[in-house]
Amino acid sequence: MTLLKIENLCYSFDGNKDVLRNISLEINKGEKIAVIGNNGAGKSTFFLCLNGVLKAEGYIALNGEKILDKRGFEKLRKATGIVFQDADSQIIASTVKAEVAFGVMNLNIEKSEVIKRTENAMEKMCIKSLSSRPPHYLSGGEKRRVVIADIIAMKPEIYIFDEPAASLDTENVGVLERVLESISNEGKTILMSTHDMDFALKWADRVIVFSHGEIIADDITEKIFLNDELLKKAGLKKPTIYQIMDVFGYTETMPKNIEDLKVILKEKFNEKQRNISC
Ligand SMILES: Nc1ncnc2c1ncn2[C@@H]1O[C@H](COP(=O)(O)OP(=O)(O)OP(=O)(O)O)[C@@H](O)[C@H]1O
Ligand SMILES: [Mg+2]
């Protein structure tokens, strides 16, 4: 089911040079989409246009309904929850708890539900102990967890994460991974920008590649990361697992993570041992 349909989206900050040029794509329910591309390629600008923070030229339809006016943009904003790349520009309240509750309170839902969702989101992002702290004085990784909790509490149809793992330590990347999994298990759609190709390979079903304001590829994850020419053109690194597989050769099912890789390498090793003993 198509949730968002975008056609010929263009955006310019200064009215001169287009930062986004003729972006067209469809986003379907339940997809896990990684958005990759070099610094300045247009990923964050694209996300802000998707969420209606920036008003782009072109066609956007949500659930088949074209976004035309203020009411349409309100619906778009409610359906798409965005975690900004810069956590500071998202934070507005004076305590962590008030910050996480802020967006939910604007959804016109029962107070008890606001409290429940705020508590749940703080629990999921492991920030309960920070509850009464002023968000602006938190560490980078703590702030990131707060702004992710903001969006989790709002339960949008489409989650947009702009480099959510930036400044998170290993333990909190694990927390993020579990949260992403539980959002996907609810059937929700996730778009995420990342510079971590290993993470994109492991997590995404579909990858969209931006370069100089355009989408230069949009395909299933495996096809994107097997396309050396494309990666070179976009200036992107091949995931480590695929670099290792280059040495051992392509297999019918390419590994998505270290565990899959270990199984394949073990099989290859055993095969070699069998051949030697024959
Ligand atoms: N507020 C702004 N005013 C003017 N130009 C901007 C503004 N925000 C972004 N740009 C420019 O738009 C282009 C796209 O920037 P954008 O932030 O979308 O890139 P990105 O792909 O998210 O990069 P990164 O990987 O560094 O986050 C860049 O050339 C950037 O300098
Ligand atoms: Mg960005």
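Mentor: Let us begin with pairing: two strands pair if DSSP finds at least two bridges between them. Please keep in mind throughout that this is a predicted model.

Trainee: How do you know that strand β9 and β10 pair?

Mentor: Strand β9 (residues 206-211) is joined to β10 by 6 bridges, and since the definition asks for at least two, the two strands count as paired. They run antiparallel, and V207, for instance, has D219 in β10 as its bridge partner.

Trainee: What makes β6 and β10 edge strands?

Mentor: Each of them, β6 (80-83) and β10 (214-220), pairs on one side only. The sheet concerned is an open one of 6 strands with mixed pairing, in the order β6-β7-β8-β3-β9-β10, and its twist averages 15 degrees from one strand to the next. Across β6 and β7 (158-162) lies α5, which runs at about 170 degrees to β6.

Trainee: Which strands stand at the edges of the sheet of 4 strands, and why is one side of each left without a neighbour?

Mentor: That open sheet has the order β2-β1-β4-β5, with antiparallel pairing. The edges are β2 (20-28) and β5 (65-66), and because each has a single partner strand, one side of each is left without a neighbour in the sheet. Strand β1 (residues 2-11) pairs with β2 over 6 bridges in the antiparallel sense, with L25 in β2 as the bridge partner of I6. Helix α1 (residues 43-50) lies across β1 and β2, at about 60 degrees to β2.

Trainee: Why is N63 called partly exposed?

Mentor: A residue is exposed at 12 or fewer C-beta neighbours within 10 Å and buried at 20 or more; N63 has 13, so it falls in between and counts as partly exposed. N63 sits in the loop between β4 (57-62) and β5, and has a positive phi of about 50 degrees although it is not a glycine.

Trainee: What makes up the largest nonpolar core?

Mentor: This core has 71 residues, and those with the most contacts inside it are A34, A149 and I160. Its largest share, 7 residues, comes from helix α5 (residues 140-154), and at least three residues are drawn from each of domain 1 (2-238) and domain 2 (239-278). Leaving aside neighbours within four places in sequence, the contacts of I160 include F47, L50, I82, V83 and L191. In soluble globular proteins, nonpolar side chains tend to be buried together.

Trainee: How do you know that domain 1 and domain 2 touch, when 34 Å separate their centres?

Mentor: The separation of 34 Å is taken between centres over C-alpha atoms, whereas contact is judged residue by residue, with C-beta atoms within 7 Å. By that criterion, 8 residues of domain 1 are in contact with 8 residues of domain 2. On the domain 1 side, α7 (197-203) and α8 (221-226) each supply at least two residues, and α7 gives the largest share, 4 residues. By class, that side has 4 nonpolar, no polar and 4 charged residues.

Methods
Residues numbered from 1 in each chain as written. Chains lettered and ligands numbered in written order. Predicted model: local features only at pLDDT ≥ 70, side-chain atom pairs only at ≥ 80, totals over all residues. Core = buried A, V, L, I, M, F, W, Y, C linked by C-beta atoms within 7 Å. Domains from an automatic or database assignment. Contact = placed C-beta atoms within 7 Å. Axes fitted to C-alpha atoms, helices over the stretch in contact; angles between N-to-C directions. Nonpolar A, V, L, I, M, F, W, Y, C, P; charged D, E, K, R; others polar.
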